[in-house]
Amino acid sequence: MPFINVETNLPASKFPEDLLKRLCTTLAAALGKPEDRMNLVVKTDLPMMIAGSCSPCLLMSLSAIGVTDTAEKNKEHSAKIFQFLKGELGLGDDRILILFYPLEPQQIGKKGTVMSFL
């Protein structure tokens, strides 16, 4: 059950529904998770600065159980995600940052309990 938050200074018009669906598909494939478990929030038009520049940029926070807990895994995820974002949004490598956070089942509440008990 990955949780993805995207913050960007790009306009909302760059994120039509079909792009969100393709992003979910790409993220699910990169993480080896089912698409129906993906949770995505995109916040656009934000005042942002990365590396001292307000040029178009994107910050992604990605939290998941069991797939973001090693450097090797995150290196593979990063390559696939960067390829998609660069191709779809025209951003350079230096304008994208991804923060990976490992989660444990007891840290996610669902259906009045936590994932550990589902």
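Visitor: Is cysteine 57 buried or exposed?
Guide: This is a predicted model, in which local features need pLDDT of at least 70, side-chain atom pairs count only at pLDDT 80 or more, and totals for chains, interfaces and linings use all residues. Residues are numbered from 1 along each chain as its sequence is written, and side-chain values use heavy atoms, with hydrogens and water left out. Buried means under 20% relative accessible area, exposed over 50%, and partly exposed in between (1.4 Å probe, protein chains only). Cysteine 57 has a relative accessible area of 0%, so the residue is buried.

Visitor: How many disulfides does a search of the whole structure find?
Guide: A disulfide is a pair of cysteine sulfur atoms within 2.5 Å. The closest cysteine sulfur to that of cysteine 57 belongs to cysteine 54 and is 7.5 Å away, too far for a bond. Over the whole structure, the number of disulfides found is 0.

Visitor: In what order do the 4 strands of the open sheet lie?
Guide: Helices (H or I, at least four residues) and strands (E, at least two) are DSSP runs, numbered from the N terminus. Two strands pair if DSSP finds at least two bridges between them. The edge strands, each pairing on one side only, are β2 (39–43) and β4 (96–103). With mixed pairing, the order is β2-β1-β3-β4.

Visitor: What angle does the direction of helix α2 make with that of β4?
Guide: Axes are lines fitted to C-alpha atoms, for helices over the stretch in contact, and angles run from 0 to 180 degrees between N-to-C directions. Contact means heavy atoms within 4.5 Å. Helix α2 (residues 71–89) packs on the sheet and touches β3 and β4; its angle with β4 is about 140°.

Visitor: Which elements do the buried residues of α2 pack against?
Guide: The buried residues of α2 are Asn74, His77, Ile81, Phe82, Phe84, Leu85 and Leu89. For histidine 77, the relative accessible area is 6%. Not counting residues up to four places away in sequence, histidine 77 touches Ala30, Leu31, Val67 and Phe100. Taken together, the buried residues of α2 pack against α1, β3 and β4.

Visitor: Where does lysine 111, with its positive phi, lie?
Guide: Most residues other than glycine have a negative phi, and most peptide bonds are trans. Lysine 111 is not a glycine, yet its phi is about 55°. Its relative accessible area is 72%, so lysine 111 is exposed. Lysine 111 lies in the loop between β5 (109–110) and β6 (113–114).
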